[in-house]
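Work through the exercises below with the coordinates open. Each task is followed by its solution in steps.

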Amino acid sequence: MKTVLSIAGTDPTGGAGIQADLKTVEAHNLYGMSVITAVVAQNTLGVTAVQPVSPTLVGQQIDCVFDDIRPDAIKIGMLHNSEIIRTVAARLRAHHADNIVLDPVMISSSGHDLLRPDAVKALVEEIFPLCTLVTPNLAEAAALSGVHIANKAQMEQAAQEIAAMTQGAVLVKGGHLSDCADDLLYADGQFHWLPAPRIHNPNTHGTGCTLSSAIACGLAQGISLTGSVKRAKRYLTACIQFGLDLGHGSGPLQHKVDWE
């Protein structure tokens with residue numbers, strides 16, 4: 001049984017964060033584990049409050065996992081502040097963790113800061129170099145790279161800028177493009193475009209969490225990075241196409257779907 005660890009915040013309505021990550025891992029028939037970095041009061045309408053977990057307790061959670069059931073891959077989501085970021089980085093380095101996928105959660109879709117602005121530098125310096133893959137959406141890629149992104153050429157430019165900050169690859173997600181949902185994987189100096197039609201479904205809460213967790217599942221199973229990304233994108237597309245409609249805002253996905 002391959003194992004995947006999610007290091008992230010919570011979502012009490014189950015659509016994003018730790019809850020979505022564990023649902024995704026279960027859907028791939030792997031064993032999921034979690035380290036909680038922040039307790040988040042949120043639903044499909046937005047984020048109300050964030051209470052970070054103490055960095056010491058975050059580190060102790062990571063140690064407990066690695067000392068007993070070593071994960072085959074790790075997905076990192078919301079880290080919230082620089083103290084937690086430095087603790088996570090230190091513990092992952094101490095345990096020689098690999099197959100790390102980072103979803104650089106910075107701002108919620110409702111505009112709430114999920115990563116303190118003063119923590120971005122720590123994220124780039126401490127976590128990025130440990131990652132096999134970083135998966136920013138267009139807004140995050142623009143913030144990280146300093147590149148205004150309105151087209152595919154600018155996505156390529158942003159991917160190269162971000163790749164210079166990490167030892168691994170970059171997946172710039174095109175879900176917010178106006179005419180399609182094409183993603184760009186930049187790995188080993190090569191651009192790999194992953195085309196996809198836009199699915200007319202307003203309920204896309206937790207898509208970033210789901211995609212990054214699905215990629216981690218592929219890496220845990222020994223699938224190549226490109227293969228893991230392509231497979232994860234197929235899975236996410238099936239989750240969106242299911243058309244689950246819950247809540248009064250942007251609703252969650254259906255994670256248990258027939259997709260292979």
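## Exercise 1: Arg231

Arg231 counts as buried, as its relative accessible area is 11% (buried means under 20% relative accessible area, exposed over 50%, partly exposed in between, with a 1.4 Å probe and protein chains only). The model is a predicted one: local features need pLDDT of at least 70, side-chain atom pairs count only at pLDDT 80 or more, and totals for chains, interfaces and linings use all residues. Residues are numbered from 1 along each chain as its sequence is written, and side-chain values use heavy atoms, with hydrogens and water left out.

Task: state where Arg231 is found and which side chain it makes a polar contact with.

Solution. 
- Step 1. Arg231 belongs to helix 8 (helices are DSSP runs of H or I with at least four residues, strands are runs of E with at least two, and both are numbered from the N terminus).
- Step 2. Its side chain makes a polar contact of 2.5 Å with the side chain of Gln221. A polar contact is a pair of N or O atoms within 3.5 Å; within protein, one must be able to donate a hydrogen and the other to accept it, and residues adjacent in sequence count only if both atoms are side-chain atoms.
- Step 3. Leaving aside neighbours within four places in sequence, the residues in contact with Arg231 include His28, Cys217, Trp259 and Glu260 (contact means heavy atoms within 4.5 Å).

## Exercise 2: aromatic pairs

Task: find how many aromatic pairs there are.

Solution. 
- Step 1. Rings of Phe, Tyr and Trp (its six-membered ring) pair if their centres lie within 6.5 Å; planes under 30 degrees apart count as stacked, over 60 as edge-to-face and the rest as tilted.
- Step 2. This rule gives two aromatic pairs.
- Step 3. Tyr186 and Phe191 have ring centres 4.8 Å apart and planes at 35 degrees, so this pair is tilted. Tyr186 is buried at 13% relative accessibility, while Phe191 is partly exposed at 32%.
- Step 4. For Tyr235 and Trp259 the centres are 5.3 Å apart and the planes stand at 70 degrees, so the pair is edge-to-face. This pair links distant parts of the chain: Tyr235 is in helix 8 (residues 225–241) and Trp259 in the segment after helix 8, 24 residues apart.
- Step 5. Tyr235 is buried at 0% relative accessibility, and Trp259 is buried at 13%.

## Exercise 3: helix 1

Task: list the buried residues of helix 1 and what they pack against.

Solution. 
- Step 1. In helix 1 (residues 17–27), the buried residues are Gly17, Ile18, Ala20, Asp21, Thr24, Val25 and Ala27.
- Step 2. They pack against strand 1 (3–9), strand 2 (31–43), strand 4, helix 7 (207–220) and helix 8.

## Exercise 4: Asn81 and Leu219

Task: is Asn81 buried or exposed, and is Leu219 buried or exposed?

Solution. 
- Step 1. Asn81 is in the loop between strand 4 (73–76) and helix 3 (82–94). With a relative accessible area of 10%, Asn81 is buried.
- Step 2. A polar atom of the Asn81 side chain lies 2.8 Å from the backbone nitrogen of Ile84.
- Step 3. Leu219, in helix 7, has a relative accessible area of 8% and is buried.
- Step 4. Not counting residues up to four places away in sequence, Leu219 touches Ala73, Asn99 and Val101, among others.
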